[in-house]
Amino acid sequence: MTAVLTQQAPGPAATAPLVQVTNLGRIFDVSKPWLNRVTERLPRTLLRAAQNVTFSIPRRETFALVGESGSGKSTVAKMVVGLIAPTTGDVTIDGISMNKAEHGAERRKLRRRIQMVFQDPYASLNPRWRAHDIVAEPIRAFGIAQSQAQTTSQVGDLLKLVGLDPADGAKYPHEFSGGQRQRIAIARALACRPEFIVCDEPTSALDVSVQAQILNLMRDLQDKFGLTYLFISHNLAVVRHMANRIGVMYLGRLVEVAPAKELFLAPKHPYTRMLLDAVPDLDLTGRQRKPVEGEVPNPVDPPPGCSFHPRCPFANARCRTEVPRPLPAGNAIVECHAVEEGRI
């Protein structure tokens, strides 16, 4: 098995973050067709799905992005792995820019070091392929095995690694449970020996007991092979179990970034506080809690100033007109006028 998933030697800057995301942004043009805009005299309509997103992920650590649906988490994840080109900013993997890795060989070499596990395991697996072929595809694509016998052996090892039987390789995706399908997706992601895996809500479609099994499996694989994760989730309990650092997104902006323990013990941004107050109090502390109120504004027409001010109990006149800047607050980075002014 060590021959199957031996990690590549780290680069010369081993102490530098493996992943660096800088001022990442993405704008989608959601305008009506040109002829409709001309006849109806309508302007172009732009949707800012992500704005000025900046974070880094050290090697062998997990960085999580949390937030309500529509906050831009999945858009950031797809830009990080290169599925969507950013409008602004850049992503570097071990010092190599995703924007500059345009040549086929260079981008292919970088692409092998990055994999993604998607939210719906059934939709991400080809229903016409057997599990063996699904897991073997990256091995063949990157020329990892020298023969068909080696490919078969490596696929069997990968299936055993994620808790399945090598004989399961003869089955089709519809013959597996949801948790088993996600294990196949993880085995496929590990097949090309990546260093960095983006997990886009990998357990949200699974039962609670199966979620725990998949999360424990991912933690074990991270410890065993030195993997680095970008973990996307709206489930704060899952994030608390997985992440070293957490970034909270709201309407395309990263409003707070902090170490996981610190964020849960002393959240600073009002939106982070509202998200944590919505988590069920299993310890029965009796602490007064306030659930999340209101809805995420339309990203096509966001409110001026701080985008959270219509839902924020601490908003003032400045919040309604001026966009907050990311500022250090202890070990955290927060975009909030109330925190900057000491009102919270």
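Q: Why are helix 6 and helix 7 called roughly parallel to each other?
A: The axes of helix 6 and helix 7 (residues 208–225) cross at roughly 15 degrees and come within 10 Å. Here axes are lines fitted to C-alpha atoms, for helices over the stretch in contact, and angles run from 0 to 180 degrees between N-to-C directions. Angles under 35 degrees count as roughly parallel, over 145 as roughly antiparallel, 65 to 115 as roughly perpendicular and the rest as oblique. Helix 6 and helix 7 are therefore roughly parallel.

Q: What are we working with here?
A: This is a predicted model, where local features need pLDDT of at least 70 and side-chain atom pairs count only at pLDDT 80 or more, while totals for chains, interfaces and linings use all residues. Residues are numbered from 1 along each chain as its sequence is written, and side-chain values use heavy atoms, with hydrogens and water left out.

Q: What makes helix 4 and helix 6 roughly parallel?
A: Their axes cross at roughly 25 degrees and come within 7 Å, with helix 4 spanning residues 131–141. That angle falls in the parallel class, so helix 4 and helix 6 get the label. (Helices are DSSP runs of H or I, at least four residues, and strands are E runs of at least two, numbered from the N terminus.)

Q: Which hand does the crossing of helix 4 and helix 6 have?
A: The crossing is right-handed, and helix 6 also passes helix 7 in a right-handed crossing. Right-handed means that the near helix is turned clockwise from the far one by less than a right angle, left-handed that it is turned anticlockwise.

Q: How do you know that Arg 59 and Glu 195 form a salt bridge?
A: Their closest N and O atoms are 4.0 Å apart. The rule asks for a side-chain nitrogen of Lys or Arg within 4 Å of a carboxyl oxygen of Asp or Glu, and the pair passes. Arg 59 lies in the loop between strand 2 (46–57) and strand 3 (62–66) and Glu 195 in the loop between helix 6 (178–190) and strand 7 (196–200), so parts 136 residues apart in sequence are tied together.

Q: Why is Glu 195 called buried?
A: Its relative accessible area is 7%, and buried means under 20%, exposed over 50%, partly exposed in between (1.4 Å probe, protein chains only).

Q: What makes Glu 340 partly exposed?
A: Its relative accessibility is 37%, which puts Glu 340 in the middle class. Arg 343 at 33% and Glu 341 at 35% land there too.

Q: Which residues are linked in a network of salt bridges?
A: Arg 318, Glu 322, Arg 325, Glu 340, Glu 341 and Arg 343 are. Among the links, Arg 343 meets Glu 341 at 2.6 Å, and Glu 340 meets Arg 325 at 3.9 Å.

Q: What makes helix 2 mostly covered?
A: Seven of its nine residues (73–81) are buried, including Val 76, Met 79 and Val 80.
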